[in-house]
Amino acid sequence: MSTTPQPGPGRELHLRVGTAQRERALELIRNAAADERITFDELEGRVPRALGAVTRADLVAVLEDLVPAAEVDAVVGLDAPIGEGPGYSWDDPLVVEGTGWKQLTVSGEFPGLEFPAPKA
């Protein structure tokens, strides 16, 4: 296994990853162990690295010998966005406005998410 991920076209390996990317990486690592492609010792070594991943490069290093490059790119956000809507692209940022912790104004649609009605 190579320890230094190599940048490819469009790869910005210095960008940070989020919980969704770490969880998807963990799923792939667990599947590799279940399929006996890695040993239990390798599983124990990769899980903390995936949980502690800060950048795309960290996740690529953990996954690069387990799945095809296109799937790795999809997991770390190089191929396609993890989701859609506000906050998933630079052109459509998620904007949270409010005063203190008591008031929050939500602008935009969030498919699959429900927000509690404001208290009177």
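**Entry 1: Arg 24**

I looked up the place of Arg 24 and found this residue in helix H1. The model I am reading is a predicted one. I noted a relative accessibility of 29% for Arg 24, which counts as partly exposed.

I then asked which residues Arg 24 touches once its neighbours within four places in sequence are left aside. The contacts of Arg 24 on that basis are Glu 71 and Val 75. With Glu 71 I found a polar contact from side chain to side chain, at 3.1 Å. I also checked Val 76: its C-alpha lies 8.8 Å from that of Arg 24, while 52 residues separate the two in sequence.

**Entry 2: the pair Arg 24 and Glu 27**

I recorded a salt bridge between the side chains of Arg 24 and Glu 27, with an N to O distance of 3.3 Å. I looked up where the two stand in the helix: H1 covers residues 19-34, and Arg 24 and Glu 27 are 3 residues apart in it, about one helical turn. An α-helix has 3.6 residues a turn, so residues three or four places apart point the same way. Glu 27 is partly exposed, at 36% relative accessibility.

**Entry 3: the other salt bridges**

I asked how many salt bridges the count gives. The count comes to 5. I looked at two further pairs in detail.

In the pair of Arg 37 and Asp 35, the closest N and O atoms of the salt bridge are 3.5 Å apart. For Arg 37 I read a relative accessible area of 41%, hence partly exposed. Asp 35 has 52% relative accessibility and counts as exposed, since the cut-off for exposed is over 50%.

In the pair of Arg 46 and Glu 42, the closest N and O atoms of the salt bridge are 3.9 Å apart. This value falls under the rule that the nitrogen be within 4 Å of the carboxyl oxygen. Both residues belong to helix H2, residues 40-51, where they are 4 residues apart, or about one helical turn.

I then looked for shared partners and found one network, in which salt bridges join Arg 24, Glu 27 and Glu 71.

**Entry 4: H1 against H3**

I turned to the packing of H1 with helix H3, residues 56-63. Their axes are 10 Å apart and meet at an angle of about 5 degrees. The two helices are therefore roughly parallel to each other, as angles under 35 degrees are counted so.

I listed the residues in contact. From H1 they are Gln 21, Arg 22, Ala 25, Leu 28 and Ile 29, and from H3 they are Leu 59, Val 62 and Leu 63. Sorted by class, this contact comprises 6 nonpolar residues, 1 polar and 1 charged.

I asked why H3 is described as largely enclosed by the rest of the structure. The reason I noted is that 7 of its 8 residues are buried. The buried residues of H3 are Arg 56, Ala 57, Leu 59, Val 60, Ala 61, Val 62 and Leu 63. Lastly, I looked up what they pack against, and found H1, H2 and helix H4, residues 69-76.

Terms used
Residues are numbered from 1 along each chain as its sequence is written. This is a predicted model: local features need pLDDT of at least 70, side-chain atom pairs count only at pLDDT 80 or more; totals for chains, interfaces and linings use all residues. Side-chain values use heavy atoms; hydrogens and water are left out. Buried means under 20% relative accessible area, exposed over 50%, partly exposed in between (1.4 Å probe, protein chains only). Contact means heavy atoms within 4.5 Å. A polar contact is a pair of N or O atoms within 3.5 Å; within protein, one must be able to donate a hydrogen and the other to accept it, and residues adjacent in sequence count only if both atoms are side-chain atoms. Axes are lines fitted to C-alpha atoms, for helices over the stretch in contact, and angles run from 0 to 180 degrees between N-to-C directions. Angles under 35 degrees count as roughly parallel, over 145 as roughly antiparallel, 65 to 115 as roughly perpendicular and the rest as oblique. Ala, Val, Leu, Ile, Met, Phe, Trp, Tyr, Cys and Pro count as nonpolar, Asp, Glu, Lys and Arg as charged, and the others, Gly among them, as polar.
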